[in-house]
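Please look at the model first.

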Amino acid sequence: MGVLKAVLASGDKEYIDAWLDYVRESAYAADIRFTAFSNEEAFREYMYEQVDREMPDLVIAEPAFLQPWLERAKHDREIPWLMLGEGKEGVQEEKLLAKYQPLPALLDTALNACRQPRRKKQLKAGRGTLLAGVVSASGGCGKTTLAMHLVKQLGVAGYAVLYLNLETLDSTMPFLEKGLLRSHPRYAEAESGLSRLLYDLKAGKKHSGARGEKQNASAKQGGALDDYVFRHDALKADMFWPPNNRKELLQMSCEDAKALMQHAVDCGRYDVIVTDGDSGWDGRSEAVFEAADTLVWLVEDELASMYRWGEWMRHMERIHPERYESVMERARFVANKVQGRMINALPRADLRLDAILPWIPSWKQLSQEEVLLSSPIFQREIRQVCAMLLPDEDDHSRIKGLAPSMAEVRHG
């Protein structure tokens, strides 16, 4: 389940602060995010501007806040609500939330009352290699930054990770080449690894019988990528050196890309493979959408990015309805470059955000590799995304320091 969105409204600022402080320091922060109001006018403006936008999953409010909204927003009655009070408000018992009770009881009641999103597909529970694709409908959202941070945090947690970058024009080198050259001399074998593997995979299709069986056995024994990948110490993961010949990527078909990903999975040496590609309609992107066990779909908190996200989903729903359903089951939708709180509305009512990543101003210093890979604020939220991708409690215990703060306050 993704992060639920709730609204809390009370004229008592100290009560709001106590509620939000508790959420920030508790396990509830991974499940529910609050926007809070202590001013009635600010609450009304916020709620009314949500018309035709993404509505919250729950409204918890004192009568002075709640009743005017209920009278005006009759078309939003599908939004669950609870009246925060002391038992004298004259509403049915199941709609009353006693204001003064232990905070864990308050939060449990809130979670149970929320409108529940569709359940996501369980992913590779306890076995096999998890193939995760980082995708977006818009360029410039930060896919490569997100992918590199996912790779690094999973590697730090002790997972065996492969970073598979399929961008036509690779954007990792400004950030990764310095660290690579500090510990590894450039050598032809490493730089030609992906090119050689693509050739060998295509050549392997032309052969069958004993030789093909021998190659398959070698892959499953874990040695099938040793001659093609190198270890990047800063990422804590294996990766391919970006090919110099861009035609190799431009000419890669959907089937070629799927064969490459399947070969990496079959070698059996990686717990997680993170793929990163272009924001387009090429064969590599098609392969990621078809083959990935889970998709991290990135969107920027920006009007054009939201529009493209909605148009992409509408097109897919119309042209490939089965794929649309599959994507909705596998995708975790993540907003990036958010300053404080989300400004732009989500483009469709059936879309919801599972995580929010902050805007990091210091990343304008693009010459500093260490700054990009070591932002504590960003890493905290990335660990939460990692926990969403990994299905088991044992996995969650390995992702240390899950972000405690998905709570948000907006006092009027």
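The text below covers the sheet, then a pair of packed helices.

This is a predicted model, in which local features need pLDDT of at least 70, side-chain atom pairs count only at pLDDT 80 or more, and totals for chains, interfaces and linings use all residues. Residues are numbered from 1 along each chain as its sequence is written, and side-chain values use heavy atoms, with hydrogens and water left out.

Eight strands form an open sheet with mixed pairing, in the order E8-E9-E7-E10-E6-E11-E12-E13. Strands (E, at least two residues) and helices (H or I, at least four) are DSSP runs numbered from the N terminus, and two strands pair if DSSP finds at least two bridges between them. Strands E8 and E13 each have a single partner strand, so one side of each lacks a neighbour in the sheet. Strands E7 and E9 run parallel and are joined by two bridges; Leu162 has Asp238 in E9 as its bridge partner. Helix H13 packs on the sheet and touches strands E11 and E12, where contact means heavy atoms within 4.5 Å.

| Element | Residues |
|---|---|
| Strand E8 | 230–232 |
| Strand E13 | 355–358 |
| Strand E7 | 161–165 |
| Strand E9 | 237–239 |
| Helix H13 | 303–319 |

Helix H11 (residues 254–266) packs against helix H12 (residues 283–291) at an angle of about 50°, with the axes 7 Å apart. Axes are lines fitted to C-alpha atoms, for helices over the stretch in contact, and angles run from 0 to 180 degrees between N-to-C directions. Residues of H11 in this contact include Cys254 and Met261, and those of H12 include Gly283 and Ala291.
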